[in-house]
Amino acid sequence: MGDTAHVGIVVIGRNEGARLAGCLASVASSGCAVVYVDSDSSDDSAAIAARFGVELLQLDRSRLLSAARARNAGFVRLATSLPGLRFVQFVDGDCTLEPGWIEASAHALAREPRYAAVVGHLRERHAQATPYNRLCALEWRSPPGKLEDYGRFGGIAMIRAEVFSELGGFRSDMIAGEDSELAVRMALAGHAVAKIDRAMATHDAAMTRFGQWWRRAVRAGHAIGERARLNGRSHVRDCVHERNSTLFWGVVLPLAIALSALIAPAVSVLLIAGYPALAVRVWRARRRTGDGRAEAALYAAFIVLGKFANALGLLSFYQRRQARLIEYK
């Protein structure tokens, strides 16, 4: 069994349906203990978990439902039932783990004590089905190596149990961005997180409508605000640049355009030109990373549009009005 002898798997989900069945099927042959944590699903998720014979832990609405809360609860259950637990693989119910990933990631952690967590390549299942799925596929694309951009660290990861426990796990009061925030705390504690050159999982965004993408971008803006508040003053300066960029492009510049349109229309036209200039800059950056022309153009256009959705989420965070999940599925 090697490095996987002390590995546990936490699967989380909420109304994932058939996607959950695919997820559980992908972990069933791992030989690892599996806990499925359900966040008050109204579909047949509990029955699906029972069919696969995995341990079921059901959360209720007595406290804020969040991916962070679900993952933490799953970890506690594993740590209680497996005293020798060394590594925990977290996976969302809309993903399927790739064959060989558990062994490869556990081996990477066993070989490199400085690594607190590792991730691998994430593939989008239906990347060409909609532009929104394609955007996810482009978002997942990044080279292997030590992660310096902690936004690249997601909730699908193999994490060293000792470090997870020492740091208190994910912040259960965060509705988004809790995965990247944990990576920042790992770095601040002197640990490293890395992406290894192995296929990790296949993700199913299932975004078919613009409104789904928009809500996901709003959620990202909320996460930017919270991450900047929590760790923005550290030497990592987490999400400070993203927060300032969101405020400028999504709030300050639109207000300046509206004001100048009333008193100096020519100035407003010049200010509006800032958005295509931003798109060109993003397009060139994506081309340098290897994106095709069409891919880079799609990504750049939605980065610009996303500034407005991000701004709504950021302002919602500042107003402290958001006390529930922002779901896009």
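**Figure 1. Arg 71 and the ring of Phe 170.** In this predicted model, the charged end of Arg 71 is placed over the ring of Phe 170. The distance from that charged end to the ring centre is 5.2 Å.

**Figure 2. Arg 286 and the ring of Tyr 299.** Here the face of Tyr 299 has Arg 286 lying over it. The distance to the ring centre is 4.0 Å.

**Figure 3. Arg 14 and the backbone of Ser 39.** Arg 14 belongs to the loop that runs between strand 1 (7–13) and helix 1 (18–28). Its side chain reaches the backbone oxygen of Ser 39, at 2.9 Å. Is Arg 14 buried or exposed? Arg 14 has a relative accessible area of 18%, and buried means under 20%, so Arg 14 is buried.

**Figure 4. The aromatic pair of Phe 75 and Phe 164.** A pair of aromatic rings is described by two values, the distance of the centres and the angle of the planes. The structure holds 14 aromatic pairs. One of them is formed by Phe 75 and Phe 164, with 4.5 Å from centre to centre and 50° between the planes, and this pair is tilted. The pair links distant parts of the chain: Phe 75 is in helix 3 (residues 67–81) and Phe 164 is in helix 6 (residues 161–166), 89 residues apart. Both Phe 75 and Phe 164 are buried.

**Figure 5. The aromatic pair of Phe 210 and Trp 213.** The ring centres of Phe 210 and Trp 213 are 5.4 Å apart. Their planes meet at 40°, so this pair is tilted. Both residues lie in helix 8 (residues 210–231), where they are three residues apart, about one turn of the helix. Phe 210 has a relative accessible area of 36% and is partly exposed. Trp 213 is buried, because its relative accessible area is 8%, and the limit for buried is under 20%.

**Figure 6. A cluster of aromatic rings.** Which residues do ring pairs link into a cluster? The cluster consists of Tyr 132, Phe 210, Trp 213, Trp 214 and Phe 302.

**Figure 7. A nonpolar patch on the surface.** Leu 259, Leu 262 and Ile 263 make a nonpolar surface patch of about 380 Å². Among them, Leu 262 is in helix 9 (residues 240–263). The relative accessible area of Leu 262 is 71%, and exposed means over 50%, so Leu 262 is exposed.

Technical notes: Residues are numbered from 1 along each chain as its sequence is written. This is a predicted model: local features need pLDDT of at least 70, side-chain atom pairs count only at pLDDT 80 or more; totals for chains, interfaces and linings use all residues. Side-chain values use heavy atoms; hydrogens and water are left out. Helices (H or I, at least four residues) and strands (E, at least two) are DSSP runs, numbered from the N terminus. Buried means under 20% relative accessible area, exposed over 50%, partly exposed in between (1.4 Å probe, protein chains only). A polar contact is a pair of N or O atoms within 3.5 Å; within protein, one must be able to donate a hydrogen and the other to accept it, and residues adjacent in sequence count only if both atoms are side-chain atoms. Rings of Phe, Tyr and Trp (its six-membered ring) pair if their centres lie within 6.5 Å; planes under 30 degrees apart count as stacked, over 60 as edge-to-face and the rest as tilted. A charge sits over a ring if NZ of Lys or CZ of Arg is within 6 Å of the ring centre and within 35 degrees of the ring normal. Patches are made of residues with over 30% relative accessible area and no salt bridge: like charges are joined within 9 Å, nonpolar side chains (Val, Leu, Ile, Met, Phe, Trp, Tyr) within 5 Å. Accessible areas come from the Shrake-Rupley method with a 1.4 Å probe; for residues, only the protein chains shown count as cover. A salt bridge is a side-chain nitrogen of Lys or Arg within 4 Å of a carboxyl oxygen of Asp or Glu.
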